[in-house]
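I opened this notebook to record, entry by entry, what I looked up in one structure. I begin with the whole chain and then turn to single residues and pairs.

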Amino acid sequence: NKFKKLTFISETRGDANLDAQELESLNNECLTLKTVTEEIKGIAVDCNFSTDTVTKTQVLDYSEIDVQAAYSAYSEAGGVYPDYNYLEDMDKIEKNMKAAGYTCTRIK
């Protein structure tokens, strides 16, 4: 029941014709984040772009992250860095995430 790793997936859908520029811009932001995080231990980013959907997957392994080294560079590049701590109580985290409108699924 302790927090160790976070996988944050965001998906943006739009019309392939009407929203093409915005979707491409979102994908470029994701690719920038991916490049920035390649040197940050404990953080991995994956980007998937199709004609009408951009999916950004961010995986943060809190057992490996040096928070001070990673936080500013990651956040400035557009990454979502939830302020949780390694081995924090999952019940509290799940409650906060659901209250903020997110879906929270525990994986063992």
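**Entry 1: the whole chain**

I looked up the accessible surface of the protein chain first, and it comes to about 7,300 Å², of which 47% belongs to carbon and sulfur atoms. I note here that the model is a predicted one. For the secondary structure I found three helices and three strands, and when I read along the sequence they follow the pattern β-α-β-β-α-α. The C-alpha trace spans about 45 × 30 × 20 Å along its principal axes.

I then asked what share of the 108 residues is buried. Buried residues make up 33% of them. Among the contacts with a separation of 6 or more, I noted that 56% are between residues 24 or more positions apart. For charge, I recorded 12 positive and 19 negative side chains, with the centres of the two sets lying 12 Å apart.

Is leucine 23 buried or exposed? I found leucine 23 in helix α1, which covers residues 20-37, and its relative accessible area is 2%, so with the cut-off for buried at under 20% it counts as buried. Leaving aside its neighbours within four places in sequence, leucine 23 is in contact with several residues, including Thr12, Arg13, Phe49, Thr51 and Val54. Asp52 is also one of these contacts, and the C-alpha atoms of leucine 23 and aspartate 52 are separated by 7.3 Å, although the two residues are 29 residues apart along the chain.

I looked up leucine 87 next, and I found it in the loop between α2 (67-76) and α3 (90-99). Leucine 87 has a relative accessible area of 40%, and I therefore wrote it down as partly exposed. Its contacts, leaving aside neighbours within four places in sequence, are Lys2, Phe3 and Lys4. I also checked leucine 87 against serine 63, which is 24 residues away along the chain, and their C-alpha atoms are separated by 8.5 Å.

**Entry 2: salt bridges**

How many salt bridges does the count come to? The count comes to six, and I looked at some of them one by one.

In one of them the side chains of lysine 34 and aspartate 46 meet, at 3.9 Å from N to O. This pair links distant parts of the chain, since lysine 34 is in helix α1 and aspartate 46 is in strand β2 (residues 43-49), twelve residues apart. Lysine 34 is partly exposed at 28% relative accessible area, and aspartate 46 is partly exposed at 41%.

Arginine 106 took up the rest of this entry. Its side chain meets that of aspartate 91 in a salt bridge of 2.7 Å, N to O. Arginine 106 lies in the segment after α3 and aspartate 91 in helix α3, so this pair ties together parts that are 15 residues apart in sequence. Arginine 106 also forms a salt bridge with glutamate 94, with the closest N and O atoms 2.7 Å apart. Because glutamate 94 lies in helix α3 and arginine 106 in the segment after α3, this pair ties together parts that are twelve residues apart in sequence.

Arginine 106 is partly exposed at 37% and aspartate 91 is partly exposed at 44%, whereas glutamate 94 is buried at 19%. Finally, I recorded that Asp91, Glu94, Lys98 and Arg106 are linked in a network of salt bridges.

Terms used:
Residues are numbered from 1 along each chain as its sequence is written. This is a predicted model: local features need pLDDT of at least 70, side-chain atom pairs count only at pLDDT 80 or more; totals for chains, interfaces and linings use all residues. Side-chain values use heavy atoms; hydrogens and water are left out. Helices (H or I, at least four residues) and strands (E, at least two) are DSSP runs, numbered from the N terminus. Buried means under 20% relative accessible area, exposed over 50%, partly exposed in between (1.4 Å probe, protein chains only). Contact means heavy atoms within 4.5 Å. A salt bridge is a side-chain nitrogen of Lys or Arg within 4 Å of a carboxyl oxygen of Asp or Glu. Accessible areas come from the Shrake-Rupley method with a 1.4 Å probe; for residues, only the protein chains shown count as cover. Lys and Arg count as positive and Asp and Glu as negative; His and the chain ends are not counted. The place of a charge is taken as NZ of Lys, CZ of Arg, CG of Asp or CD of Glu.
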